[in-house]
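Subject: Structure for your review

Dear colleague,

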Amino acid sequence: MSTYNFGNVNGPANFGDHGRIQINHAHPDLPTMMDLAERLTETLRAEYPELVPQGEVIQAQFQESAEDGLPPNRGRIRSALETIAIGASAGTGSLAFTQQLIHALGL
């Protein structure tokens, strides 16, 4: 255990959050997520045809959510996004859309 004196962590150096922790995980609305999933699938068709089924899984989950009013199945979406992220190369549109969805869903 260290006995080093860190001093006032909220002092003039502005370390710390001054007692205010703000976590904002505002998720985009369902139509925005559906549009993003559709754009991902279209990009997959052009760049990685073998990964199109994964994009379709994501689209199906958002469509099902829109129909029944329940949240989308995050486990299935996460699994599909991970598969795409493994198969898509850096700098491709497919990976960019995948990262956007991961971030938007907080996965």
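Read from the N terminus, the elements of the protein follow the order α-α-α-α. There are four helices and zero strands. Please bear in mind that this is a predicted model. Of the 107 residues in the protein, 27% are buried. Among contacts between residues at least 6 apart in sequence, 59% join residues that are at least 24 apart.

I begin with the pairing of α1 and α2. On the α1 side, the contact is made by Leu30, Met33, Met34, Ala37, Glu38, Leu40, Thr41, Leu44 and Arg45. The α2 side contributes Val52, Gly55, Glu56, Ile58, Gln59, Phe62, Gln63, Ser65 and Ala66. By class, the residues of this contact of α1 with α2 comprise 10 nonpolar, five polar and three charged.

The second pairing is that of α3 and α4. Helix α3 spans residues 74–87 and helix α4 spans residues 93–105; the two pack at an angle of about 150°, with 10 Å between their axes. That angle makes α3 roughly antiparallel to α4. Here, too, the helices pass each other in a left-handed crossing. From α3, the residues Arg74, Ile77, Leu81, Ile84 and Ala85 meet Ser94, Leu95, Thr98, Leu101, Ile102 and Leu105 of α4. This contact of α3 with α4 divides into eight nonpolar, two polar and one charged residues.

Which residues have the most contacts inside the largest nonpolar core? They are Leu40, Leu44, Ile58, Phe62, Leu81 and Leu101, in a core of 20 residues. As background, nonpolar side chains in soluble globular proteins tend to be buried together.

Gly55 is located in helix α2. Is Gly55 buried or exposed? With a relative accessible area of 0%, which is under the 20% limit, Gly55 is buried. Apart from neighbours within four places in sequence, Gly55 is in contact with Thr41, Leu44 and Ile84. Gly55 and Thr98 lie 43 residues apart in sequence, and their C-alpha atoms are 9.4 Å apart in space.

Gln61, likewise placed in helix α2, counts as buried at 7% relative accessibility. Not counting residues up to four places away in sequence, Gln61 touches Pro72, Asn73, Arg76 and Ile77. Ser65 is also in helix α2, and at 7% relative accessibility Ser65 counts as buried. With neighbours within four places in sequence left aside, the contacts of Ser65 are Leu30, Leu70, Pro71 and Pro72.

Yours sincerely

Terms used
Residues are numbered from 1 along each chain as its sequence is written. This is a predicted model: local features need pLDDT of at least 70, side-chain atom pairs count only at pLDDT 80 or more; totals for chains, interfaces and linings use all residues. Side-chain values use heavy atoms; hydrogens and water are left out. Axes are lines fitted to C-alpha atoms, for helices over the stretch in contact, and angles run from 0 to 180 degrees between N-to-C directions. Angles under 35 degrees count as roughly parallel, over 145 as roughly antiparallel, 65 to 115 as roughly perpendicular and the rest as oblique. A crossing is left-handed if the near helix is turned anticlockwise from the far one by less than a right angle, and right-handed if clockwise. Contact means heavy atoms within 4.5 Å. Ala, Val, Leu, Ile, Met, Phe, Trp, Tyr, Cys and Pro count as nonpolar, Asp, Glu, Lys and Arg as charged, and the others, Gly among them, as polar. A nonpolar core is a set of buried Ala, Val, Leu, Ile, Met, Phe, Trp, Tyr and Cys residues joined through side-chain atoms within 4.5 Å. Buried means under 20% relative accessible area, exposed over 50%, partly exposed in between (1.4 Å probe, protein chains only).
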